[in-house]
Amino acid sequence: QISYVYNQIWEARGADAKINNEDDPNAGKLVLLDGDGITGDNEPVQATEELMSDPAILKAFINYGAANYPAEKYDLILWDHGGGPKSGFGVDEHHDDSDDWTAPSIMSFEGIMEALSDNAVTNNDADGDGRKDKFDFINFDACLMNSVELALVMADYTDYYIASAETE
């Protein structure tokens, strides 16, 4: 069951999914891959302790995908609320600004750059050309995430940047 208390990683299996050339018994279903949080170690980690607005969590998620699903092309779609370069991206529903938390409820522009500059995709040189790899595209499915500032920064981490300059 999908939890609202714990961060989890799920895979949507295609209707024609196979395992070792045999029909996957979970074809057409959601399959829980990691139920102990993105940075967990087989112990449940409450989402309030693993805030999605923390750049380290985004980095860990990218690293999980690259380690468990190696590919020639990587795409990153970030969906939530956006406030542009001044306000940042994403609102963590497990964080209440009225509480005394050390992590912000919104990932700052600097936090986005931190996560994108130090992960298993952008710190790799798979083709050996001496240049760090990039995402094939990064898409912010969020309001106000297309600006000159963001586009200039994203050029270092992606071939294509897709975002809305206005509200969605």
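This is a predicted model: local features need pLDDT of at least 70, side-chain atom pairs count only at pLDDT 80 or more; totals for chains, interfaces and linings use all residues.
**Helix 1 and its cover**

Next I asked myself which residues of helix 1 are buried. I listed Pro55, Ile57, Leu58, Ala60, Ile62, Tyr64 and Ala66. A reminder to myself: an α-helix makes a turn every 3.6 residues, so residues three or four places apart point the same way.

I checked the length of helix 1 too.

Then I looked at the start of helix 1. There, a side-chain oxygen of Asp54 comes to within 3.0 Å of the backbone nitrogen of Ala56.

**The largest pocket**

I moved on to the largest pocket and noted a volume of about 1300 Å³. I found 42 residues in its lining, with Ile38, Met52, Phe61, Ile77 and Leu78 nearest the centre. Strand 1, strand 4, helix 1 and strand 5 are the elements that each give two or more residues to this lining.

Which element gives the most to the lining? I got helix 1, with seven residues.

**Asp92**

I wanted to know where Asp92 sits. I found Asp92 in the loop between strand 7 (88-89) and helix 3.

Is Asp92 buried or exposed? I read a relative accessibility of 5% for Asp92, and the cut-off for buried is under 20%, so Asp92 counts as buried.

For its neighbours, I skipped residues up to four places away in sequence and was left with Leu51, Met52, Ser53 and Ser105 touching Asp92. Met52 is also one of the residues nearest the centre of the largest pocket. I looked at Ser53 again: the C-alpha atoms of Asp92 and Ser53 are 5.9 Å apart, although 39 residues separate them along the chain.

**The whole chain**

Last, I stepped back to the protein chain. I have four helices and nine strands down for it. From the N terminus, I wrote the order as β-β-β-β-α-β-β-α-β-α-β-α-β.

Of the 168 residues, 34% are buried. I put the accessible surface at about 10400 Å², with 49% of that belonging to carbon and sulfur atoms.

I also looked up contacts with a separation of 6 or more, and 49% of these are between residues 24 or more positions apart.

Terms used. Residues are numbered from 1 along each chain as its sequence is written. Side-chain values use heavy atoms; hydrogens and water are left out. Buried means under 20% relative accessible area, exposed over 50%, partly exposed in between (1.4 Å probe, protein chains only). Contact means heavy atoms within 4.5 Å. Accessible areas come from the Shrake-Rupley method with a 1.4 Å probe; for residues, only the protein chains shown count as cover. A polar contact is a pair of N or O atoms within 3.5 Å; within protein, one must be able to donate a hydrogen and the other to accept it, and residues adjacent in sequence count only if both atoms are side-chain atoms. On a 1 Å grid over the protein atoms alone, a cavity is a set of points where a 1.4 Å probe fits but cannot get out, and a pocket is an open set with protein on both sides within 12 Å along at least five of seven lines; lining residues have an atom within 4 Å of a point. Grid points are joined across faces, edges and corners, and a volume is the space filled by probe spheres set on the points.
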